[in-house]
Amino acid sequence: MFAWWGRVVVRARWAVLAAAAVLMAVGATWGAGVFGELTGGGFDDPASESSRAAERATAELGRQGADVIVLWSSDTATVDQPAFRDPVAGAVTTLRQRAEVATVTTWYDTSAPALVATDRKATYAVVKLAGADEDTRIAQYERLRPALDAPGLRTEIGGTVAFQYEANTRTTEDITRAELLSMPVLLVLLVLIFGGLVAATTPLVIGGLAVLGAFVAVRLLNLVTDVSIFAINVITLIGLGLAVDYALFVVSRFREELAAGRSTAEAVRRTMLTAGRTVLVSGLTVALAMASLLIFPQAFLRSMGLGGMAAVLIAMLAALTVLPALLAVLGHRIDAVRVPLPWRRGTRRGRPAEAAGGGAWARIARSVMRRPVPYLIGVAVLLVVLATPFTRITFGGFDERVLPADAAPRVVSERIAEEFPGGSVAPIDVLVSGVPAEAVRPFTERVSTVAGVTAVQVAASRGDTTLLAVTYRGEPTGDTAQDVVRELRGLPAPAGAEVLVGGRSAADRDLLDSLTDRLPWMALLMAGATLLLLFLAFGSVVLPLKAVLMNLLSIGASFGVVVWIFQDGHLSDLLGFTPTGFIDPSNPILMLAMLFGLATDYEVFLLSRVREEWDRTGDNTASVALGLQRTGRIITAAALLLIVVVAGFTTGGMSYIKLIGVGMIVAIVVDATLVRALLVPATMRLLGRWNWWAPGPLARVYRRYGIRETDEPAPAVPETRHPAFTR
């Protein structure tokens, strides 16, 4: 199939390139408009108690909550003085006349103590916007922002909508910055890797096509389902990174085939037969790993899954269609505009050491295989040590501290927590329905006795429905808030009433429970898909199991480093973030899907070449050595290029993006060095012929349906009855 596809692409190369040009044009115009179309929310489970409480409260009492918090403060005047009161009154009057505003609540109207700072030099207004959905309210806030200022006073804006607007804006800025930083560095590294400018630009072309194509795909998906703006991060990171990796692998193999004296058409055919097959297996594996996110009910994680799948699949398709078409046009001109590099002199074409199974990577492999047990134990111990901090991970919902310290929504949240009585802009909502307000009073008294509760107020009441606002000390994501949620949910409801506990802290609790319930299914889907695809690729039941275990080792090391840095606070000054003492549970979930796919990616790169040599020679030790020699440089280069892409995201202002970036860098380094260069040769040496073992029925399935690097039927490998510890 792959050889046939190579011939088809060569014949249709100009049509393929024309279609790619059209896709890039559409992606750069219509597709780029995806930034203004995607939603900013989607963090809640629609079936959770907190979501049901919010829906019921909106349906029965009207929409509640503070969309925008406007904090006015002065260094000299107090809220009672005309110099403070009059500017605020003017701003409030203007706000109430705006069509975007539903209600404005101030201390001047209610005399509520919680709305005035303890030094009386600051007050805040609670603004509820008229929009029916999050996206509409964000657009209303953007138009309303200039009207919030009060002359002569310092004005700072916070609240849910302001936070979402700030997060969306900074996400877009971070993506732009990451691309501007990574593209020039990628080009320089690719020139150093390939030694020529033409060859170096091809991966960037495929990377750009993958990102723009994914923008088009996600905008189309957004027509039928809500997609979060945060999916753009995954598209750029995964799409660009994997497209460059795949292009590096394909171009390297194409140049190798040309160097062997084959014609351009034959070189493309053989490249698709070998590297093309590897790209297909890798792309499907990573896409299925990202698809595991679709089982979660949160639109945020589903969007990440959809964006990741779109980016991976388009990167894979571009590497299997556009890239070979481009190579068919370029031919030997792929080596044009060469850059003289001292270390590449005399190695342009033949690479006799590699062809003979020599070279640095082969020597490393043979060194490991001479002493596999010490290497295996040493690397395993090191990875376990790196993973150890993960055993003390603490989960908590994200808050304004994911923003930089000078971001207005974060400043407002921190000032209210420190300077105002009650200390919280995110009370816990307790919805009591089915009984009149008089019957709720005894229940309100019981709520006020719960440990950690500072005040209970009736936020709204209509008919047989009452909404209580419960304030507490500390942060919405803190232990006190979580304890209060648990206690409130444990209180007996008034006779004949239904009680639902919602609000931000309750939503955090529900998020953790929802993720925990579905995590085993996600792991099962990822592992099952990986085992199936790797079996079809290599005809072994042993190698897929080993790949899954090694993936878990490298991912565990990454998680341990993330906890040590972002939960414990090490290196926070260097990386520019505020440690919170906990990790948002959605971050490890997202990292697990991304890293599992990427780890399998490098495994496929290496084992594909090892399997090719095994089919040719039947010599396990020589196959591992030559396979690592042929792919070690490429895997290292691919890892370096992907690190450059990911590193661009760690320079942004959003701390959860930094967390994912740092975790990915650690996993990539561990996977491309310790795992692929040391653990794989050690374990394959110990397993010997067992590496390629499959029971008879499965072996027949592989011979008939396997994804192989040859057009010929797979040879029948004799059944292995005992491990071979020699060649």
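## Basis of the description

Contact here means heavy atoms within 4.5 Å. The model described in this report is predicted.

## The four-stranded sheet

Four strands form an open sheet in the order β6-β7-β5-β8, and their pairing is antiparallel. From one strand to the next, the twist averages 20°.

Five bridges join strand β5 (residues 428-433) to β8 in the antiparallel sense. Within this pairing, L431 has L500 of β8 as its bridge partner.

## Helices α3 and α18 on the sheet

Helix α3 (residues 49-61) packs on the sheet and touches β5, β6, β7 (465-472) and β8. The direction of α3 makes about 110° with that of β8. Helix α18 (residues 479-490) also lies across β5, β6, β7 and β8, and runs at about 10° to β5.

Helix α17 (residues 437-448) comprises 12 residues. From the first C-alpha of α17 to the last, the helix reaches 16 Å, close to the 16 Å expected at 1.5 Å a residue. Its buried residues are V440, F443, T444 and V447. These residues cover an arc of only 115° around the axis, which puts them on the same side of α17. An α-helix has 3.6 residues a turn, so residues three or four places apart point the same way.

The buried residues of α17 pack against β5, β6, β7, α18 and β8. Turned away from that buried side is a face that carries the exposed residues E438, R441 and E445. For these assignments, buried means under 20% relative accessible area and exposed means over 50%.

Residue Q567 belongs to helix α20 (residues 542-567). With a relative accessible area of 8%, Q567 falls under the 20% cut-off and is therefore buried.

The side chain of Q567 makes polar contacts with backbone atoms of two residues: it reaches the backbone oxygen of R392 at 3.0 Å and the backbone nitrogen of T394 at 2.7 Å. Leaving aside residues up to four places away in sequence, Q567 touches R392, I393, T394, V562, G581, F582 and I583.

Technical notes: Residues numbered from 1 in each chain as written. Predicted model: local features only at pLDDT ≥ 70, side-chain atom pairs only at ≥ 80, totals over all residues. Heavy atoms only, no water. Pairing = 2+ DSSP bridges. Helix = DSSP H or I, 4+ residues; strand = E, 2+ residues; numbered from the N terminus. Axes fitted to C-alpha atoms, helices over the stretch in contact; angles between N-to-C directions. Expected span 1.5 Å × (residues − 1). Buried < 20%, exposed > 50% of the residue type's maximum accessible area, 1.4 Å probe, protein only. Arc of directions from axis to C-beta. Polar contact = N/O pair within 3.5 Å; in protein donor to acceptor, adjacent residues only side chain to side chain.
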